Amino acid sequence: MAEIVQTVIPLKKTSLPGYAESANAIAQHLNLQQEHQEDVEAFYGLRARVSMAGVEDLQSLVDYHAVLEDFEQRGIFDNFMQFNFAWTCALQEPQNVVSEYSVSFERSCVMFNLGSVQSYLASRDFQMSDGKPAMLDKAYRQYQLAASLFNHLRTKFMQLSSSSLDMTNPGLEMLEKIMLA
């Protein structure tokens, strides 16, 4: 009987922006209204969780992506805050660091990690399935979700000019096809 190999896509890595001040001090420095000070604190706290997130921390990635999307729609980054977002390439050793002052870049990197986490969860569930159809179906759905996230990045975020192999059109297409294999 042939052995089935499950594929897990590595996570991109990031670090906290290089600020010595607390989120509150940043907000005060920027002379933000109280509402926006709370936004900065929420952003900074979630960014800290994401910078330390592992493959089991799906919820932190989902929450952070939601905040980024909200900030982008409200123009928070355009009008109030400027951050240099830096992420490593998940597919290259030594890891190449790419950084941009772009919330779209940040969102795309978080979405990439959502796909990576889905690939991990699928592989884990597949291994634990013991041949049970319900568990196998769950694992297949997670692989399909990972593939759809990589497809979405490739088709909707291609305006990004990335020097990171994992975020290129061929790189994302390869990851999508691997998840569906």
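User: Phe43 and Tyr64, buried or exposed?
Analyst: In this predicted model, Phe43 and Tyr64 are both buried (under 20% relative accessible area, with a 1.4 Å probe and protein chains only). Local features need pLDDT of at least 70, side-chain atom pairs count only at pLDDT 80 or more, and totals for chains, interfaces and linings use all residues. Side-chain values use heavy atoms, without hydrogens and water, and residues are numbered from 1 along each chain as its sequence is written.

User: How many aromatic pairs does the structure hold?
Analyst: Five; rings of Phe, Tyr and Trp (its six-membered ring) pair if their centres lie within 6.5 Å.

User: What is the geometry of Phe43 and Tyr64?
Analyst: Their pair is tilted, 5.9 Å centre to centre with 35 degrees between the planes (under 30 degrees is stacked, over 60 edge-to-face, the rest tilted).

User: Where do they sit in the chain?
Analyst: Phe43 is in helix 2 (residues 34-51) and Tyr64 in helix 3 (residues 58-74), 21 residues apart. Helices are DSSP runs of H or I, at least four residues, numbered from the N terminus.

User: Which residues do ring pairs link into a cluster?
Analyst: Phe43, Tyr64, Phe71 and Phe85.

User: Other topic. At what angle do helix 6 and helix 7 cross?
Analyst: Roughly 165 degrees, with the axes of helix 6 (residues 133-156) and helix 7 (residues 169-180) coming within 8 Å. Axes are lines fitted to C-alpha atoms over the stretch in contact, and angles run from 0 to 180 degrees between N-to-C directions. Helix 6 and helix 7 are therefore roughly antiparallel (over 145 degrees).

Terms used:
Helices (H or I, at least four residues) and strands (E, at least two) are DSSP runs, numbered from the N terminus. Angles under 35 degrees count as roughly parallel, over 145 as roughly antiparallel, 65 to 115 as roughly perpendicular and the rest as oblique. Buried means under 20% relative accessible area, exposed over 50%, partly exposed in between (1.4 Å probe, protein chains only).
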